[in-house]
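Please keep the sequence and the structure at hand while reading.

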Amino acid sequence: KRHLISAGDLSRDDALLILDTAEELAQVSQRSIKKLPTLRGRTVVNLFFEDSTRTRISFEAAAKRLSADVINFSAKGSSVSKGESLKDTALTLQAMGADAVVIRHSASGAPHRLAEWVDGSIVNAGDGTHEHPTQALLDAFSMRRRLGPLDGRRVTIVGDVLHSRVARSNVLLLATLGAQVTLVAPPTLLPVSVGSWPCEISYDLDGVLPKSDVVMMLRVQRERMNAAFFPSAREYSRRYGLDRDRLGRMPDHAVVMHPGPMNRGMEIAAEVADSPRSTIVEQVTNGVTIRMAVLYLLLGGAELEGGAQ
Ligand code: CP
């Protein structure tokens with residue numbers, strides 16, 4: 001495949017190839033090999049129109065560990081603030097020779113449009129409320145490392161599904177990988193399309209927790225809500241927050257996930273986020289590995305360990 005725009009575009013074989021390649025890369029870095037020459041001479045452009053900490057930095061780290069040249073573009077401080085369009089911005093970057101463009105944009109569908117205008121590979125790093133496929137891949141990788149193969153595993157995703165590109169990409173990818181997904185959310189924070197998603201819906205968090213292998217908490221995305229509809233933090237955390245008592249309802253082997261950034265004290269208690277049951281820090285580390293695998297596979301790099309340093 002040339003682009004990674006939707007988790008739904010990945011077949012089971014595609015997804016397993018990415019996860020297995022990431023596993024190979026994780027083994028390589030455990031042997032203290034910091035840098036691989038595989039994408040030497042290639043250029044990766046990070047094109048971020050929306051704020052990001054984890055995704056932007058991890059794509060940069062991933063590209064550099066594969067020896068690619070990296071150009072970081074952020075809309076703030078660029079000619080976008082003078083009104084330059086996405087298309088003209090993209091054509092400018094293309095003229096500078098981008099082999100891959102990693103894009104985050106507030107408009108759902110922006111990566112798809114970009115793929116019509118530039119020759120390089122497009123990687124969706126989050127588009128509006130639509131998708132965030134590399135987040136879903138790093139989440140699946142993190143689950144697999146803790147729990148083994150995902151077939152038949154029960155994953156509960158809790159919270160602001162309406163605004164969550166992470167939830168949609170996870171539901172699509174996890175269904176492809178054979179997991180059973182349940183969404184738990186207030187009815188006002190579920191999208192109307194959710195009935196067609198390959199998952200179940202529940203409004204009873206306490207009933208679902210004892211049957212979960214993974215509980216993934218979502219951030220309440222206040223910046224995408226009309227202020228009049230902000231849920232009260234106290235009421236939200238009482239109904240849908242993961243605190244110590246709820247952690248105690250989960251099976252002993254079950255893990256807690258959150259894509260970050262977190263609203264500590266709202267969707268997740270600080271002591272739960274920092275507990276050994278939480279994979280939140282591992283998710284960030286695994287994000288670099290997954291993004292290395294994605295860039296490597298899309299750009300058809302040389303053999304992984306040839307000339308490693
Ligand atoms: N999980 C995630 O996408 O985080 P950032 O917004 O910091 O990239």
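## The open sheet

In what order do the four strands of the open sheet stand, and is the pairing parallel or antiparallel? In this predicted model, the order is S2-S1-S3-S4, and the strands pair in parallel. Strand S2 (69-74) and strand S4 (121-127) each have a single partner strand and stand at the edges, so one side of each is left without a neighbour in the sheet. From one strand to the next, the twist averages 15°.

The pairing of strand S3 (residues 100-105) with S4 rests on five bridges, and these two strands run parallel. Within this part of the sheet, His105 has Asp127 in S4 as its bridge partner.

## Annotated binding-site positions

An unreviewed UniProt entry lists Lys82, Arg165 and Arg219 under "binding site". These residues span 138 residues in sequence, and the farthest two C-alpha atoms are 31.7 Å apart, so the annotated residues do not all gather at one spot.

Lys82 lies in the loop that runs between S2 and helix H3 (86-95), and it counts as exposed because 6 other C-beta atoms lie within 10 Å, where exposure is assigned at 12 or fewer.

Arg219 belongs to the loop between strand S8 (214-217) and helix H8 (233-240). Arg219 is classed as buried because it has 20 C-beta neighbours inside 10 Å, and 20 or more is the cut-off for burial. Leaving aside residues up to four places away in sequence, Arg219 is in contact with Asp160, Pro261, Met262, Asn263 and Glu267.

Conventions: Residues numbered from 1 in each chain as written. Predicted model: local features only at pLDDT ≥ 70, side-chain atom pairs only at ≥ 80, totals over all residues. Pairing = 2+ DSSP bridges. Axes fitted to C-alpha atoms, helices over the stretch in contact; angles between N-to-C directions. UniProt positions renumbered as here; feature names shortened; annotations may be inferred. Contact = placed C-beta atoms within 7 Å.
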